[in-house]
Amino acid sequence: MAAGMGNPIIANCASKTTSPAILGGDPLITTHDWPSWPQWNSDTDEKRLLEVMRSGVWSRDKITEEFEKRWAQMMGSKRCLAVVNGTNALNTSLAQLEIGWGDEVLVTPYTFIASVSCILFNGAIPVFVDVDPKTFQMDPSKIEEKITPFTKAILPVHILGLPCDMERIMGIARKHNLLVVEDSCQAWLAEINGKKVGTFGNAGCFSFQTSKNMPIGEGGAIISDDDELMDRCFSFHNYGNPYGSTAGQIGAGTVMIGTKLRITEYQAAIGLAQLERLDKQTTVRNENAAFLKSLIGKIPGIVPYELYENVTKAAFHLFPFLYQKEDFKDLPKNKFLEALRAEGVPCSGGYTELNKMPFLKNAFESKYYRKFYPEERLDYEKYMNENMCPLNEKLCNEQAIWIPQNILLGSKSDMKNIAFAIEKVFNNAEQIKNK
Ligand SMILES: Cc1ncc(COP(=O)(O)O)c(C=O)c1O
């Protein structure tokens, strides 16, 4: 029999009396298949795809235009441009807003590499703003202290699909005359007071890579109400060929530096098919996340994510919570994860510290950075000291636990089982630690 008797924390949780799976007991979740990912309809979606193939029109055309129109409509944005991926949506937005050499861009360290590499790709310097661990987002109260005469933009990342405090961030941006590019690559349909994330700043960027809640395989999008910016993005993504207002300015022929970032009609067709289910799936994720949060919030040492007050919908690319090992007899985070996985719950420890990774030093030491920047701006040791983010460090190394989005498409009883599994690990923490 497992350690600790008495009443279960979560009603009807029977796990107290069974041995933890990591110590040879039966897993709490045994024969269950979690919802698979990506999902598609073998009838209607495959038909859309075959139609593209049989039409012989495979490169960017009407279906891509339709997808862009639909995404812009769903976002409540004037314009949308589909591009090859979220990484290049970010690269392009920054480039066309002329954020680059000499500039500093404020960004969270708690994100995927592309949120930071887009800044370096354009020749600017990322400046890290520490996180608010309760929400997992860039802490708006720490932004202003990081602003210098070089600061050109803020790059809020709605990480894990939970919206940043955009109203506050936009207030700071307006006050200091900064541009804002929203990395919404994990935040499809998330909203603040009914307004979709990605529509607050000068541009919003999305990813449609396979693991994402809106999966196409690869794909991305830029949205904005700024016609001139969107015309420039369009030209840039098509070799710098004239488009809209860029055509009028300079005349015929290639009008600006560009590259090729166009998606295919196949991708657009899959995108249109995915749009049919995104809204409903987002509702299910929100409902299950709230339910799971209400259950696991009762377990000592488990602190589920918080949403800012004005958030009306999250995307939940991941379901995050904070783990406090003090309440789990000092069981380290990696052992907690192992024990939970053994019970049949897919989970991970999330991001490692981006602001300490070698790619930053590599950029500072590169030929281009050394050519452009004066030596004092490339003092890496000073930069590192100024960009320490202690709360992010703790979040990455000790606290953050993620459950993937497809799990949130399960049933209410699946959510209960996840909570029971966590309670089971809690009840047996001492034994697991000593294994
Ligand atoms: C926060 C964030 N930004 C940017 C990206 C880049 O998107 P993509 O993989 O489509 O290039 C991702 C994708 O993983 C992401 O999660």
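Are Trp71 and Phe206 buried or exposed? Both are buried, where buried means under 20% relative accessible area, exposed over 50% and partly exposed in between, using a 1.4 Å probe and protein chains only. Keep in mind that this is a predicted model, in which local features need pLDDT of at least 70 and side-chain atom pairs count only at pLDDT 80 or more, while totals for chains, interfaces and linings use all residues. Residues are numbered from 1 along each chain as its sequence is written, and side-chain values use heavy atoms, with hydrogens and water left out. Helices (H or I, at least four residues) and strands (E, at least two) are DSSP runs, numbered from the N terminus.

**Aromatic pairs**

- The count comes to 26 aromatic pairs, taking rings of Phe, Tyr and Trp (its six-membered ring) with centres within 6.5 Å; planes under 30 degrees apart count as stacked, over 60 as edge-to-face and the rest as tilted.
- One of the pairs is Trp71 with Phe206, an edge-to-face case at 5.2 Å centre to centre and 85° between the planes.
- Trp71 sits in helix 2 (residues 62–75) and Phe206 in strand 10 (residues 203–207), so this pair ties together parts that are 135 residues apart in sequence.
- Phe372 and Tyr373 also make an edge-to-face pair, because their ring centres are 5.2 Å apart and their planes are at 75°.
- Phe372 is partly exposed at a relative accessible area of 45%, whereas Tyr373 is buried at 4%.
- One aromatic cluster is formed by Tyr305, Phe316, Phe319, Phe321, Tyr323, Phe328, Phe336 and Phe426.

**Helix 3 against helix 4**

- Helix 3 (residues 86–96) packs on helix 4 (residues 114–121) at an angle of about 40°, and their axes are 9 Å apart. Axes here are lines fitted to C-alpha atoms, for helices over the stretch in contact, and angles run from 0 to 180 degrees between N-to-C directions.
- Helix 3 brings Thr87, Leu90, Asn91 and Leu94 to the contact, and helix 4 brings Ala114, Ser115, Cys118, Ile119 and Phe121; contact means heavy atoms within 4.5 Å.

**Helix 13**

- In helix 13 (residues 390–399), the buried residues are Asn392, Leu395, Cys396 and Gln399.
- They span an arc of only 135° around the axis, so they lie on the same side of helix 13; the arc is that of the directions from the helix axis to the C-beta atoms.
- Among the elements covering these buried residues are strand 4 (131–132), strand 14 (318–323), helix 9 (333–342) and strand 15 (400–404).

- Trp37 and Pro38 are joined by a cis peptide bond, with omega about 0°. Pro38 falls in the segment before helix 1 (44–55).
- Asn193 isn't a glycine, yet it has a positive phi of about 45°. You'll find Asn193 in the loop between strand 8 (191–192) and strand 9 (195–196).
- Lys329 isn't a glycine either, and its phi is positive at about 50°. Lys329 is in the loop between strand 14 and helix 9, and it is partly exposed, with a relative accessible area of 46%.

- Tyr368 belongs to helix 11 (residues 367–372) and is exposed, with a relative accessible area of 53%.
- Tyr368 and Gly123 are 245 residues apart in sequence but 8.2 Å apart in space, C-alpha to C-alpha.
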